[in-house]
Amino acid sequence: KSDSKSKVPEDGLFPEIIRENYKGSDKLKGKKALISGGDSGIGQAVAVHFAREGADVVIIYKESDDDAKETQNLVEREGRKCILMKGDVSEKSFRKKCVDSLKKDWKTLDILVNNAGIQFPENDIKNISDEQILETFNVNIISMIALTRDLLTLMKKGSRIICTTSVTAYRGSDHLIDYSATKGAIATFIRSLATNIAEKGILVNGVAPGPVWTPLVKETFDDLSSFGKDNPLKRAGQPSEVAPAYVFLASEDSSFITGEIIHINGGDFVGG
Ligand code: NAD
C-alpha cells in the first residue's frame with residue numbers, strides 16, 4: 001500500500017490526505033460507499049481512508065475532473081474500485097441518475113457520506129443575496145435530504161449514513177450567515193433521521209469539523225493568515241485528522257451510536 005501526500009509543509013497549506021503511518025485494518029472490507037464531494041479536501045481523505053480499510057467508493061463531484069481522477073488513482077492504488085459521478089447534487093435529474101446507476105450496478109449501499117458543501121465568503125447579513133441563500137441551502141441541506149431519501153431503498157440493517165456539518169452549526173458565524181444556518185439544519189437532520197430510521201437498523205451520525213486545510217477555504221478566503229489560530233490547539237487541522245472519524249462511524253466499532261456528532265476542531269467548541 002502506498003502513501004500519498006503525506007508531507008505537510010510548515011504553513012499547513014498543503015492538504016495532507018492520509019497519514020504516512022495510517023495502516024488500515026480492513027474495518028470496511030467489502031463495503032460499498034458513496035461520498036458526495038469525494039474529489040477534494042475532507043471527502044477525498046474519506047475516500048482514500050475508506051479504500052485503505054477495504055471499501056469500494058462512488059464519488060460525486062461537481063467540477064474538477066483532475067481532482068476526481070486524482071482521487072480515483074489514490075483509491076485504485078489501495079486496490080479498490082472508484083466510480084466517478086460528475087454533476088450537481090442540487091439538480092434532481094442528476095440525483096436520479098446517480099440513484100438509478102447505483103441500483104443497477106451495486107444494488108446495495110453500505111455507507112452514504114453526505115459531504116458536498118459550498119460557502120460564499122464574507123456573507124454577513126448586509127451582503128447576502130437571495131441567489132446565494134438559495135444556492136447554499138440547495139447544495140448543503142435540501143439535496144442532502146432528497147438524496148438520502150432516494151438512496152434509502154438501497155440500504156439495509158447495519159448501513160451507515162454520515163453527514164458533514166460544521167463547528168459553525170453550534171457557534172454560528174457572523175460572516176457565513178447562510179452557510180452556518182445550513183450546517184445547523186444538517187445537525188438537526190442527523191438527529192431527526194437517526195430516530196426516524198432507527199427501527200430499520202440504519203445508523204445516522206455526523207462529523208462537525210472546525211477549520212481544516214482544504215481547497216474550499218483556500219479558494220473562499222483571501223486572508224488565511226489567522227485561519228484556525230483562535231482554537232486551543234492554535235492551528236487548523238488536516239483532512240487526514242478528520243477522515244478517521246468517518247471510518248469509525250462507518251465501521252462495526254460504532255454499532256451502538258446513532259444521532260451523534262463528532263466534533264473535530266482543536267478544542268474550539270466544547271459542549272453538546
Ligand atoms: P472542498 O471544496 O475541498 O470539497 C467539497 C467538494 O464538494 C467539492 O470539491 C465539490 O466536488 C463538491 N461539491 C460542491 N458543490 C457541489 C454540488 N453542487 N454538487 C456536487 N458536488 C459538489 O471542501 P471541504 O473543505 O473538503 O468541505 C467538505 C465538507 O466539509 C463541506 O460540507 C464543508 O462545509 C465541510 N466543512 C469544511 C470545513 C473546512 O474548514 N474545510 C469546516 C467545517 C465543515
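Q: Which exposed residues does the face of H2 turned away from its buried side carry?
A: This is a predicted model, in which local features need pLDDT of at least 70, side-chain atom pairs count only at pLDDT 80 or more, and totals for chains, interfaces and linings use all residues. Residues are numbered from 1 along each chain as its sequence is written. A residue is exposed if 12 or fewer other C-beta atoms, placed from the backbone, lie within 10 Å of its own, buried if 20 or more do, and partly exposed in between; helices are DSSP runs (H or I, at least four residues), as are strands (E, at least two), numbered from the N terminus. On the face of H2 turned away from its buried side, the exposed residues are Asp-65, Asp-66, Asn-73 and Glu-76.

Q: Why do the buried residues of H2 line one face of the helix?
A: The residues concerned are Ala-68, Thr-71, Leu-74 and Val-75. The arc is taken over the directions from the helix axis to the C-beta atoms. Seen down the axis of H2, the buried residues line one face because they fall within an arc of 125 degrees.

Q: Against which elements do the buried residues of H2 pack?
A: Contact requires C-beta atoms, placed from the backbone, within 7 Å. The buried residues of H2 pack against H1, E2 and strand E3 (82–86).

Q: Is Phe-227 buried or partly exposed?
A: Phe-227 lies in the loop between H7 and helix H8 (239–250). Beyond its neighbours within four places in sequence, Phe-227 is in contact with Pro-211, Val-217, Phe-221 and Ala-236. With 17 other C-beta atoms within 10 Å, Phe-227 is partly exposed.

Key:
Contact = placed C-beta atoms within 7 Å.
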